[in-house]
Amino acid sequence: MQRMRKEVPPLLGVVLILAALAAVQALYWRGLLIEESQSLLPRGGGGGGAAQADQPTGLPDVIVETVAGLGDAGHRDGLPVEALFDGPAAVAAARDGALYVADSRNHAIRMISPTGRVSTVAGRPGVSGYADGVGVHARFSAPAGAARRPDGTLLVADTGNHRLRRLGSDGIVSTYAGAATPTDDLGRELGGHRDGPAAQAQFRYPVGLAVDPSGSVYVADAGNGCVRRISPAGEVTTLPVKGDASLKGPTQVCLTSDGSLWVADTSGHGLWTGPKAGPLTAWSGDATGAGERFAPAGIVAVQGASGGESLYLADAAGGCLWRIDGDRLALIAGGQQAEVPFQDGGGDVARFDHPAGLTRGPAGTFYVADFGNERIRRVIPPRAAKERD
C-alpha cells in the first residue's frame with residue numbers, strides 16, 4: 001500500500017503516533033518517534049557498533065536477544081529467522097508462552113508460537129479496513145496495542161479505527177468498545193471522545209492497553225490525551241488528573257502489583273502514575289539523564305522469579321531501555337544516540353530502533369516490540385539471567 005504524506009490537523013498535534021495510519025490520517029509512529037527525533041539518532045547500517053563516546057550505555061549483564069523477525073519490512077510467516085513484520089507496535093504474552101503482535105503497517109495480528117513459528121491469526125496483511133469476522137476476513141487499521149484478558153482472549157487497540165477489538169480463541173474478531181465517529185471529507189473517521197456504554201463510547205487513536213484481574217481495561221487514548229477505563233460491566237469513563245498539567249499523547253499503560261497505574265506519555269516526554277481510579281499525577285522523579293527528547297513509548301512492571309518488582313521503559317527517541325530506580329532512571333540496555341540501530345547481546349552493546357510496546361514474560365523477563373527494527377526482542381535482566389543459567 002502506498003503511503004500518503006503526513007497531514008496533521010492542529011487538533012491532532014499529539015497524535016503523530018504509531019504505525020502507518022496512511023489509510024486513515026497518515027499519522028505514524030515514525031512521525032512522532034522517528035522524524036521528530038531523527039536529529040538525535042544518526043542512522044547507520046546493520047551489525048555491531050558503539051554509542052557515541054560521551055553517551056552512557058546499558059548494563060553488560062542484561063541479555064537482549066531476537067525472538068522473531070528478519071529485520072526487513074514486509075509480511076512473511078514461518079520460522080523466526082525468516083518471518084517479516086512491518087511496524088510491530090505492541091506485543092502481548094499468552095499463558096501458554098505464545099506471543100501476539102500488533103503488526104501495525106500490515107494491519108494484522110500475528111502470533112509467535114512457543115516454538116517460535118510466526119503465523120497470521122487475524123486481518124489480511126497489507127489491507128486496512130474495519131470488519132468483524134474470522135481470521136483473514138477481519139479488518140484492522142494500524143493496530144498498535146494488545147493485552148490479554150483474564151479469560152485468555154486478546155484485546156487489540158485498533159488505533160486507526162478508533163476502537164478496541166476482541167480476538168477470541170475461536171479466531172473470531174469482534175468489536176469490544178468504540179462507536180462510529182465523525183468523518184472528514186474523504187469519509188475517514190476522525191475519532192471522538194464520549195464516555196458511557198462501550199458500544200456507544202468514542203475513542204481517538206487508542207494505543208496501549210492494560211487489564212486488571214477483575215477484567216477492567218485501561219486504555220491510553222492517545223488522540224484525546226487521556227486514560228480511559230472500561231469496567232467489567234462495559235462502562236467507559238475517563239480517569240481524572242491532578243493539577244493543571246495534562247497528558248499529551250499517552251501510548252502505553254501498565255499496572256503494578258500494589259494496584260498503581262503507570263502511563264507512558266510519549267509526546268509529553270514523561271510519565272504519570274496514580275491509583276487505578278485516578279487521579280493521575282505527573283511522575284516527580286528525575287528523568288534529566290534521558291535528555292529533553294525522552295519519549296517513553298512502552299512501560300511494563302516485571303516481577304522477578306525471586307520476588308520484587310521492577311518498572312522498565314522503552315525510550316523510543318533514545319533507542320534504549322530504562323529501569324525506574326526509586327526517583328531516577330537507570331539505563332539498562334541500548335545506547336542513546338547510537339550510530340547503529342540493531343544488535344543483540346549484552347545491554348551495553350545491544351541496540352534498538354524506536355522500541356515501542358513492552359510486555360511481561362516469564363521468570364523476570366520481558367519482550368519489546370522493536371518497531372524500527374521490525375523485530376520482537378526478549379530482554380533478560382541480570383537476576384533472571386543468572387537464574388536461567
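This is a predicted model: local features need pLDDT of at least 70, side-chain atom pairs count only at pLDDT 80 or more; totals for chains, interfaces and linings use all residues.
Local features are described where pLDDT is at least 70, and side-chain atom pairs count only at pLDDT 80 or more, while totals for chains, interfaces and linings use all residues. Residues are numbered from 1 along each chain as its sequence is written, and side-chain values use heavy atoms, with hydrogens and water left out.

Of the 389 residues in the chain, 59% are buried, meaning under 20% relative accessible area, with exposed set at over 50% and partly exposed in between (1.4 Å probe, protein chains only). Among contacts (heavy atoms within 4.5 Å) between residues at least 6 apart in sequence, 50% join residues at least 24 apart.

Next comes the interior. A nonpolar core is a set of buried Ala, Val, Leu, Ile, Met, Phe, Trp, Tyr and Cys residues joined through side-chain atoms within 4.5 Å. The largest such core has 16 residues, of which W262, I299, L313, W322, I324 and L329 touch the most other members. At least two core residues come from each of strand 17 (260–265), strand 20 (296–303), strand 21 (309–315), strand 22 (320–325) and strand 23 (328–334). Strand 22 provides the largest share, three residues. Leaving aside residues up to four places away in sequence, I324 touches W262, L271, W283, L311, L313 and L329.

The structure also holds one aromatic pair. Rings of Phe, Tyr and Trp (its six-membered ring) pair if their centres lie within 6.5 Å; planes under 30 degrees apart count as stacked, over 60 as edge-to-face and the rest as tilted. Here Y312 and F366 are stacked, at 4.6 Å centre to centre with 25° between the planes. Because Y312 lies in strand 21 and F366 in strand 26 (residues 366–370), the pair ties together parts that are 54 residues apart in sequence. Both Y312 and F366 are buried.

On a 1 Å grid over the protein atoms alone, a cavity is a set of points where a 1.4 Å probe fits but cannot get out, and a pocket is an open set with protein on both sides within 12 Å along at least five of seven lines; lining residues have an atom within 4 Å of a point.

Two cavities of 30 Å³ or more are found in the whole structure. The second largest cavity has about 70 Å³ of space, and A90, A144, G208, T251 and Q252 are the closest to its centre among 13 lining residues. Strand 12 gives the most to this lining, with three residues.

How values were computed
Helices (H or I, at least four residues) and strands (E, at least two) are DSSP runs, numbered from the N terminus. Grid points are joined across faces, edges and corners, and a volume is the space filled by probe spheres set on the points.
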